[in-house]
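Colleague: I'm new to this one. Can you walk me through it, starting with what you mean by a contact?

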Amino acid sequence: EEAGVLKGSGRSIPAYPMSEALHGVQDLLLRFGGHAQAAGFSLKIENLEAFRRAINEKTVLTEEDLLPTVYVDARVPFAYLTEKLVGELSLLEPFGTDNDRPLLAVAHATLRRIRIRGANRNVMILDLMDEYGSRLEGKIFGDYSKVTDAILDGYGEEMLEKTLLEETVNLDLAFTFQPEINEFQGRKSIQLMIRNCCKIPRKSV
């Protein structure tokens, strides 16, 4: 390695073309290269602060650009989630790295109640209703902070406490999920395996 020379690399998001950003500050760099989503560069150590200042001043990123994005295959109402559909989706198996399980979504679902179950309290059960009045149950195993964070962000700590105390609380949330058949006492029902949920804007009182 060269004395007094720093090397860096990075990966980006679609809203921020990294190679273009480096072109804008190339007078501070010794070498750089890459493409929109990933790039590498080197610069003299004495140019580090100037580089940091310049790259930040030239950015056009907004807070909206930095929001995490979840890409879904289809948005469907609960009424479409039938045993027949689950069987049809199974024809796409085996799922893996090069063949992701189909990810479906319902927007503006009403979260009627939350229950925490399991010996280690690591299962969250959600009573959901879509905008057409159809109801289904959703489950999250393990880390369910995305749901609690969404409630905190949109409605505050008091509403989260009410929901966890099993009071009927209506919260508009958008979920991504994968439908799976759940058999209990000889009955079959669609069970949603919640993979993500969006944050909801805090409502004014």
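Modeller: Contact here means heavy atoms within 4.5 Å. Keep in mind that this is a predicted model.

Colleague: Good. What covers the buried residues of helix 2?

Modeller: Helix 1 (18-23) and strand 3 (38-44) are among the elements that cover them.

Colleague: And which residues of helix 2 are buried?

Modeller: Helix 2 spans residues 48-57, and its buried residues are Phe-51, Ala-54 and Ile-55. They lie on the same side of helix 2, because they cover an arc of only 95° around the axis.

Colleague: Which residues are buried in helix 3?

Modeller: Leu-85, Val-86 and Leu-89 are buried there. Their arc around the axis is only 100°, so these residues too sit on the same side of helix 3.

Colleague: Let's step back. How many helices and strands does the chain have?

Modeller: The chain has 5 helices and 9 strands. From the N terminus, the order is β-α-β-β-α-β-α-β-β-β-α-α-β-β.

Colleague: Is the chain compact or spread out?

Modeller: More spread out than a compact globule, because its radius of gyration is 23 Å, well over the 17 Å that the globule rule gives for 205 residues. Along the principal axes, the C-alpha atoms fill a box of roughly 70 × 45 × 35 Å.

Colleague: How much of the chain counts as buried?

Modeller: 36% of the 205 residues. The accessible surface comes to about 13,300 Å². Carbon and sulfur atoms account for 50% of that surface.

Colleague: What about contacts between residues 24 or more positions apart?

Modeller: Take the contacts in the chain with a separation of 6 or more. Residues 24 or more positions apart account for 56% of them.

Colleague: How many bridges join strand 1 to strand 3?

Modeller: 7 bridges, with the two strands running antiparallel. Look at Lys-7, for instance: Ser-42 in strand 3 stands opposite.

Colleague: Is Ser-42 buried or exposed?

Modeller: Ser-42 is buried, because its relative accessible area is 3%, and the cut-off for buried is under 20%.

Colleague: What does Ser-42 touch?

Modeller: Leaving out residues up to four places away in sequence, Ser-42 touches Val-5, Leu-6, Lys-7, Leu-29, Leu-30 and Arg-31.

Colleague: Now further along. How do strand 6 and strand 7 run?

Modeller: They run antiparallel. 7 bridges join strand 6 (residues 123-129) to strand 7 (residues 135-141).

Colleague: In what sense do strand 7 and strand 9 pair?

Modeller: In the parallel sense, over 3 bridges. Strand 9 covers residues 187-197. Lys-139 comes up again here: its bridge partner in strand 9 is Met-193.

Colleague: What is the phi of Arg-121?

Modeller: Arg-121 has a positive phi of about 50°, although it is not a glycine. Arg-121 sits in the loop between strand 5 and strand 6.

Colleague: Is Arg-121 buried or exposed?

Modeller: Arg-121 is exposed, with a relative accessible area of 53%.

Colleague: Last topic, peptide bonds. Is the one from Glu-93 to Pro-94 cis or trans?

Modeller: That bond is cis, with omega near 5°. Most peptide bonds are trans.

Colleague: Where does Pro-94 lie?

Modeller: In the loop between helix 3 (83-90) and strand 5 (104-117).

Note on methods. Residues are numbered from 1 along each chain as its sequence is written. This is a predicted model: local features need pLDDT of at least 70, side-chain atom pairs count only at pLDDT 80 or more; totals for chains, interfaces and linings use all residues. Side-chain values use heavy atoms; hydrogens and water are left out. Buried means under 20% relative accessible area, exposed over 50%, partly exposed in between (1.4 Å probe, protein chains only). Helices (H or I, at least four residues) and strands (E, at least two) are DSSP runs, numbered from the N terminus. The arc is that of the directions from the helix axis to the C-beta atoms. Two strands pair if DSSP finds at least two bridges between them. The radius of gyration is taken over C-alpha atoms; the globule rule is 2.2 Å times the number of residues to the power 0.38. Accessible areas come from the Shrake-Rupley method with a 1.4 Å probe; for residues, only the protein chains shown count as cover.
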